[in-house]
Amino acid sequence: MIKKTSLLFTLFLVSSFALWAQDKDAVIETIIQEATENSQLETLGHQLMDGIGPRLVGTPQMKNAHDWAFTKYESWGIPARNEQWGEWKGWERGISHIDMVHPRVQSLRGTQLAWSPSTPKKGVTAELVVLPMVSDSLEFVNWLPNVKGKLVMISMPQPTGRPDYNWEEFATEKSFEKMKKEREEQTEAWRKNIGNTGLDRRTLPVALEKAGAVGIVASYWSRGFGVNKIFGAYTKEIPTVDLELEDYGMLYRLVESGQKPQLHIVAESKELGKVPTFNTIAEIKGSEKPEEYVILSAHFDSWDGGTGATDNGTGTLVMMEAMRILKKAYPNPKRTILVGHWGSEEQGLNGSRAFVEDNPEIVEGVQAVFNQDNGTGRVVRISGGGFLDSYDYLGKWLHEVPREITDEIETTFPGTPARGGSDYASFQAAGAPAFSLSSLSWSYWNYTWHTNRDTYDKIIFDDVRNNAILTAILAYMASEHPEKTSREKAVLPISNRTGEQLEWPSPRSPERNGGQN
Ligand SMILES: [Zn+2]
């Protein structure tokens with residue numbers, strides 16, 4: 001009798017497990033099928049990157065993006081909201097047009113920096129000057145009146161527009177070594193000279209502006225063919241523009257050879273006062289444990305030299321597509337699945353830090369956070385983030401992902417927590433198990449990250465699709481996991497640099513009133 005009961009019980013266990021396994025496979029199958037046969041990635045990518053454009057904090061385009069995401073989620077039957085967490089200086093980019101008008105006419109490739117003050121409608125025309133070599137700040141101050149009415153070139157002219165990999169392929173070893181040595185010496189001399197002025201990259205443009213310069217011309221080469229990084233301006237009244245290496249170098253040489261080149265710059269922009277900043281949040285409510293959360297995370301903002309396609313348009317697409325798929329394949333999750341499209345990551349993880357600070361009960365209920373923010377490539381690295389038991393659960397979840405996706409993924413357990421870099425750091429600092437889904441580079445650091453070439457054509461949709469499948473399956477597995485995940489922290493190693501024990505990061509407050517200085 002006892003034996004019989006126990007046999008029946010065993011049979012029951014086996015069959016219910018089999019049933020669950022079958023359901024589980026069905027959900028995963030549906031996820032893969034929906035992602036491959038009904039992908040929305042190309043459409044979403046086109047609407048976001050080509051239609052809305054770059055998403056600099058404080059711009060109308062950032063607000064348009066939040067409204068667009070809200071509408072998308074609602075159209076998929078996923079309740080969404082735009083949560084205000086702060087305010088920022090409002091600004092809108094207008095036309096940038098830069099021409100050399102003397103000693104000959106040539107249209108140049110360049111753009112105003114983010115937050116650059118506007119030129120008058122008709123633009124400004126003036127002669128270019130370069131910084132002198134000075135031995136101290138007094139000598140620099142004595143030189144400063146020379147900039148009155150001039151455009152000042154403040155970047156070092158690069159000796160070559162060919163990236164190192166191109167030299168490596170074609171130059172003789174001797175010639176490559178010589179170039180690198182000369183460039184190093186030039187860079188060091190440039191750095192020292194700027195130091196001698198007593199100013200730095202923030203204060204130099206402001207000093208030039210005060211001395212009567214009519215514009216700042218810079219060039220921040222990103223070490224690839226035709227690619228520059230485009231950040232923010234420090235001037236308050238006069239425009240700051242970035243020129244691509246080829247044009248910048250040509251003008252610099254013309255100044256040095258005494259040709260007195262002149263530019264005509266039209267850099268229109270609008271100051272819009274203080275504007276609110278948001279995170280877009282959408283949720284599929286948990287049916288069994290609604291107060292526990294699986295969070296899909298990707299910052300929504302970008303710099304605005306390109307259209308923010310790989311930083312972080314692709315992370316955004318991964319999370320939106322994963323949510324859309326989950327709503328179809330797994331509409332009644334055990335735990336709540338929440339997606340956060342954070343604002344102002346680029347200025348210091350501000351949107352996610354605000355969310356963590358404002359929602360302690362959600363952070364407390366976190367089962368897992370999955371963040372993606374380093375380009376368009378397929379995920380090849382996942383770290384346990386310093387959570388001691390992360391291998392136990394993350395390892396199990398990854399096991400359910402198709403081998404062709406996980407085969408390339410290198411895992412590190414327990415790993416160490418991040419000190420910044422992207423929004424998962426905001427959650428790790430608060431003790432919530434948060435993980436970075438880290439991508440294959442596709443030349444991210446030189447060619448797309450914060451550059452004028454971060455555009456739709458750089459997206460590798462097959463890899464992004466791969467990441468959407470991975471994310472959706474991880475979210476599903478994390479939601480179904482029998483227990484709440486352990487948050488036990490690993491003891492961190494001794495720092496090589498300081499010789500002291502590394503400590504876990506602690507939560508930091510966001511900037512909630514940005515761009516006001
Ligand atoms: Zn990013």
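The model is predicted, so local features need pLDDT of at least 70 and side-chain atom pairs count only at pLDDT 80 or more, while totals for chains, interfaces and linings use all residues. Residues are numbered from 1 along each chain as its sequence is written, and side-chain values use heavy atoms, with hydrogens and water left out.

**Domain from the record**
- UniProt, in an unreviewed entry, places the feature "domain: Peptidase M28" at residues 279-466; such annotations may be inferred rather than shown by experiment.
- Over residues 279-466 the chain is 35% helix and 24% strand, and the end C-alpha atoms lie 26 Å apart; helices (H or I, at least four residues) and strands (E, at least two) are DSSP runs, numbered from the N terminus.

**Helix H12**
- In helix H12 (residues 390-399), the buried residues are Ser-390, Tyr-393, Leu-394, Trp-397 and Leu-398, where buried means under 20% relative accessible area and exposed over 50%, with partly exposed in between (1.4 Å probe, protein chains only).
- An α-helix has 3.6 residues a turn, so residues three or four places apart point the same way.
- On the other side of H12, Tyr-391, Lys-396 and His-399 are exposed.
- The cover over the buried residues of H12 includes strand E14 (379-383) and helix H16 (461-480).

**Residue Gln-428**
- Gln-428 belongs to helix H14 (residues 424-429) and is buried, with a relative accessible area of 1%.
- Leaving aside residues up to four places away in sequence, Gln-428 touches Gly-385, Phe-387, Pro-417, Ala-418, Ala-434 and Trp-504, contact meaning heavy atoms within 4.5 Å.

**Largest pocket**
- The largest pocket is lined by 48 residues, and Arg-201, Tyr-220, Phe-231, Gly-232 and Tyr-234 lie nearest its centre; a pocket is an open set of points on a 1 Å grid over the protein atoms alone, with protein on both sides within 12 Å along at least five of seven lines, and lining residues have an atom within 4 Å of a point.
- Helix H6 gives the most to the lining of the largest pocket, with 7 residues.

Note on methods. On a 1 Å grid over the protein atoms alone, a cavity is a set of points where a 1.4 Å probe fits but cannot get out, and a pocket is an open set with protein on both sides within 12 Å along at least five of seven lines; lining residues have an atom within 4 Å of a point.
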